[in-house]
Amino acid sequence: MADRTPQAGDGGTDGDGIRTFPFPVELSVGGVGMQIGSLEAGRPWHADAPLERVHRIDFHVVMLFTAGPVRHMIDFAEYEAAAGDLLWIRPGQVHRFSRECGYRGTVLTMQPGFLPRATVEATGLYRYDQPPLLHPDAAQLTALRASLEHLRREYEDTATLPPNLHAAVLRHSLTAFLLRLAHLAARSAEASSQQTDTTFTLFRDAVEQGFATNHSVSAYAEALGYSRRTLVRAVRAATGETPKGFIDKRVVLEAKRLLAHTDLPIGRVGAAVGFPDAANFSKFFHLHTGRTPAAFRAELS
């Protein structure tokens, strides 16, 4: 990994041993809210906080690979990237580097708040519903590489402009790259006709807002103004699963995140995802993962 990658000591360690990495401003050129550099193969992870263990980040990471395959875990799903692919990891997601894979390419990191709100909205920086693995075609890849290389040159050039203008130019150059990246992500989503279905989109967004307290398919259908049958048909067409399965999957993901990166008691984790009774939460979690919450947490330590 490049020497601009967060290392041990940059972040805190939760009670369960899972390290959370904040954005390492002190390693940025000029202290700006972004970094860009090369991914390096064969570099060992820090002994005190090896990155091949599950950890959480509070900033954006975009990796553009020049070699592959690379296997990378994001939010407990495994992704395999080839040369020319990108991985986009967003704040709050847990992930793990693969010890066996050589990471080659370019890595871009961004601190939340570095870009203005209008840019954040235009580029969909917090579209957690979109897949993190992107496959640009030849023309898209050429444009992304050129934009990323321009951004890297601007980032490393600290002599041409005073610091305030340097940061402003970086924001504009970063925005240009992210607009291309966001377009690719949107096109990737549109490649599946299901993703454009308004009924499913509204349901997906409602679940994202309410999954911690609302697990009822009927309640979502009523709130959105659809019949239960219409909602079932839309979600099955979009995902191949039932609305209840979709809700449960989101609840399980949040529970895994909390078990991985906090030291909350299991009962409080259950309460945070809508299960006031710890026994019911453990039963639900075991049903969907084949492990108890305690066993899942123990595997990550």
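**Close-up 1. The second largest cavity of the predicted model****.** The second largest cavity has a volume of about 60 Å³ in this predicted model. A search of the whole structure finds 2 cavities of 30 Å³ or more. Residues H60, M110, Q111, P112, G113 and F114 belong to the lining of the second largest cavity, as do L115, V120, L125, Y126 and L174. Sorted by class, this lining comprises 8 nonpolar and 3 polar residues, with no charged residues. Rolling a probe the size of a water molecule over the atoms shows where empty space is left.

**Close-up 2. The packing of helix 4 with helix 6****.** Helix 4 spans residues 198-210 and helix 6 spans residues 228-239; the two pack at an angle of about 90°, and their axes lie 9 Å apart. Helix 4 is therefore roughly perpendicular to helix 6. On the side of helix 4, the contact involves T199, F200 and F203, which meet T230, L231, A234, V235, A238 and T239 of helix 6. The contact of helix 4 with helix 6 has 6 nonpolar and 3 polar residues, while charged residues are absent from it.

**Close-up 3. The salt bridge between R257 and D75****.** R257 and D75 form a salt bridge in which the closest N and O atoms are 2.4 Å apart. R257 is located in helix 7 (residues 243-261), whereas D75 is in the loop between strand 6 (70-74) and strand 7 (77-81), so the pair ties together parts that are 182 residues apart in sequence. For the model, the count of salt bridges comes to 10.

Note on methods: Residues are numbered from 1 along each chain as its sequence is written. This is a predicted model: local features need pLDDT of at least 70, side-chain atom pairs count only at pLDDT 80 or more; totals for chains, interfaces and linings use all residues. Side-chain values use heavy atoms; hydrogens and water are left out. Axes are lines fitted to C-alpha atoms, for helices over the stretch in contact, and angles run from 0 to 180 degrees between N-to-C directions. Helices (H or I, at least four residues) and strands (E, at least two) are DSSP runs, numbered from the N terminus. Angles under 35 degrees count as roughly parallel, over 145 as roughly antiparallel, 65 to 115 as roughly perpendicular and the rest as oblique. Contact means heavy atoms within 4.5 Å. Ala, Val, Leu, Ile, Met, Phe, Trp, Tyr, Cys and Pro count as nonpolar, Asp, Glu, Lys and Arg as charged, and the others, Gly among them, as polar. On a 1 Å grid over the protein atoms alone, a cavity is a set of points where a 1.4 Å probe fits but cannot get out, and a pocket is an open set with protein on both sides within 12 Å along at least five of seven lines; lining residues have an atom within 4 Å of a point. Grid points are joined across faces, edges and corners, and a volume is the space filled by probe spheres set on the points. A salt bridge is a side-chain nitrogen of Lys or Arg within 4 Å of a carboxyl oxygen of Asp or Glu.
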